Amino acid sequence: MLPKLLLACSLHQRLQRPSDLLLLDVRNEEEFARSRIETRHTPQTLNVPYMQFIEDDTRHETIGRLPRGRPIVVVCAYGGSSEYVAGILRHHGFTVANLAG
(Lines give C-alpha, C1' and ligand atoms only; values in the text may rest on other atoms or scores of the structure.)
Protein backbone atom coordinates (compact mmCIF):
# COMPACT_ATOMS: atom_id res chain seq x y z
CA MET A 1 0.00 0.00 0.00
CA LEU A 2 1.27 3.45 -0.91
CA PRO A 3 0.35 6.70 0.79
CA LYS A 4 -0.86 9.50 -1.48
CA LEU A 5 2.22 11.53 -0.58
CA LEU A 6 5.52 9.72 -0.17
CA LEU A 7 8.42 11.45 1.58
CA ALA A 8 11.89 11.11 0.08
CA CYS A 9 13.17 9.33 3.21
CA SER A 10 10.35 6.76 2.90
CA LEU A 11 11.17 6.14 -0.76
CA HIS A 12 14.84 5.78 0.16
CA GLN A 13 13.93 3.09 2.71
CA ARG A 14 11.80 1.23 0.15
CA LEU A 15 14.64 1.27 -2.36
CA GLN A 16 17.08 -0.44 0.00
CA ARG A 17 15.63 -3.76 -1.15
CA PRO A 18 14.25 -5.06 -4.46
CA SER A 19 10.81 -3.67 -5.16
CA ASP A 20 8.07 -3.83 -7.76
CA LEU A 21 7.72 -0.03 -7.67
CA LEU A 22 7.66 1.86 -10.93
CA LEU A 23 9.15 5.35 -10.84
CA LEU A 24 7.33 7.64 -13.25
CA ASP A 25 9.41 10.76 -13.83
CA VAL A 26 7.28 13.49 -15.43
CA ARG A 27 10.06 16.04 -15.94
CA ASN A 28 11.11 16.90 -19.50
CA GLU A 29 13.75 14.77 -21.19
CA GLU A 30 16.56 17.27 -20.56
CA GLU A 31 15.89 17.43 -16.81
CA PHE A 32 15.57 13.65 -16.65
CA ALA A 33 18.92 13.21 -18.42
CA ARG A 34 20.64 15.53 -15.92
CA SER A 35 19.55 13.69 -12.79
CA ARG A 36 17.54 10.68 -11.80
CA ILE A 37 16.93 8.47 -8.79
CA GLU A 38 19.47 5.68 -8.59
CA THR A 39 20.11 3.29 -5.74
CA ARG A 40 21.46 -0.19 -5.24
CA HIS A 41 17.98 -1.50 -6.09
CA THR A 42 16.78 1.12 -8.57
CA PRO A 43 13.33 0.12 -9.79
CA GLN A 44 12.15 0.44 -13.37
CA THR A 45 11.96 4.13 -14.25
CA LEU A 46 9.93 5.68 -17.06
CA ASN A 47 10.32 9.24 -18.25
CA VAL A 48 6.97 10.48 -19.56
CA PRO A 49 6.88 14.28 -19.67
CA TYR A 50 4.03 15.98 -17.82
CA MET A 51 2.68 17.54 -21.02
CA GLN A 52 1.67 14.10 -22.31
CA PHE A 53 -0.76 13.82 -19.40
CA ILE A 54 -2.39 17.21 -19.80
CA GLU A 55 -2.92 17.29 -23.56
CA ASP A 56 -6.21 15.64 -24.54
CA ASP A 57 -4.81 14.06 -27.71
CA THR A 58 -2.02 12.16 -25.87
CA ARG A 59 -3.41 11.55 -22.36
CA HIS A 60 -5.33 8.31 -22.95
CA GLU A 61 -2.58 6.74 -25.05
CA THR A 62 0.01 7.68 -22.43
CA ILE A 63 -2.05 6.22 -19.59
CA GLY A 64 -2.60 3.06 -21.64
CA ARG A 65 1.16 2.45 -21.86
CA LEU A 66 1.58 2.32 -18.08
CA PRO A 67 1.57 -1.09 -16.39
CA ARG A 68 -1.44 -1.82 -14.21
CA GLY A 69 -1.08 -3.78 -11.01
CA ARG A 70 2.22 -2.19 -9.98
CA PRO A 71 2.59 0.62 -7.47
CA ILE A 72 3.74 3.83 -9.14
CA VAL A 73 5.66 6.71 -7.57
CA VAL A 74 5.38 9.90 -9.63
CA VAL A 75 8.40 12.20 -9.55
CA CYS A 76 9.06 15.77 -10.76
CA ALA A 77 11.35 18.62 -9.81
CA TYR A 78 9.19 20.29 -7.14
CA GLY A 79 6.11 18.12 -6.58
CA GLY A 80 3.36 20.08 -8.33
CA SER A 81 3.42 18.33 -11.71
CA SER A 82 3.80 14.92 -10.13
CA GLU A 83 0.88 15.64 -7.79
CA TYR A 84 -1.32 16.49 -10.78
CA VAL A 85 -0.29 13.35 -12.72
CA ALA A 86 -0.73 11.17 -9.62
CA GLY A 87 -4.30 12.46 -9.31
CA ILE A 88 -5.04 11.60 -12.95
CA LEU A 89 -3.64 8.10 -12.50
CA ARG A 90 -5.57 7.55 -9.26
CA HIS A 91 -8.75 8.56 -11.10
CA HIS A 92 -7.95 5.82 -13.65
CA GLY A 93 -7.52 3.17 -10.97
CA PHE A 94 -3.75 3.07 -10.52
CA THR A 95 -2.06 2.60 -7.15
CA VAL A 96 0.06 5.72 -7.07
CA ALA A 97 1.96 8.05 -4.75
CA ASN A 98 3.37 11.49 -5.34
CA LEU A 99 6.97 11.96 -4.22
CA ALA A 100 7.00 15.01 -1.97
CA GLY A 101 8.81 18.00 -3.57
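Visitor: What makes β1-β5-β4-β2-β3 the order of an open sheet of five strands?

Guide: The pairing sets that order, and the pairing is parallel. Two strands pair if DSSP finds at least two bridges between them. Strands are DSSP runs (E, at least two residues) and helices likewise (H or I, at least four), numbered from the N terminus. β1 (5-6) and β3 (44-47) stand at the edges with a single partner strand each, so one side of each has no neighbour in the sheet.

Visitor: How do you know that β1 and β5 pair?

Guide: β1 and strand β5 (residues 96-99) share two bridges, in the parallel sense. The definition asks for at least two, so they count as paired. L6 stands opposite L99 in β5.

Visitor: What kind of model is this?

Guide: The model is predicted; local features need pLDDT of at least 70, side-chain atom pairs 80 or more, while totals for chains, interfaces and linings use all residues. Numbering runs from 1 along each chain as its sequence is written, and side-chain values use heavy atoms, without hydrogens or water.

Visitor: Why is a set of residues called a nonpolar core?

Guide: Its members are buried Ala, Val, Leu, Ile, Met, Phe, Trp, Tyr or Cys residues, joined through side-chain atoms within 4.5 Å. Buried means under 20% relative accessible area (1.4 Å probe, protein chains only). The largest core has 16 residues; L24, V26, F53, I72, V74, V85 and L89 touch the most other members. Its largest share, four residues, comes from α5. Apart from it lies another core, of ten residues, among them L11, L23, V73 and L99.

Definitions and conventions
Buried means under 20% relative accessible area, exposed over 50%, partly exposed in between (1.4 Å probe, protein chains only).
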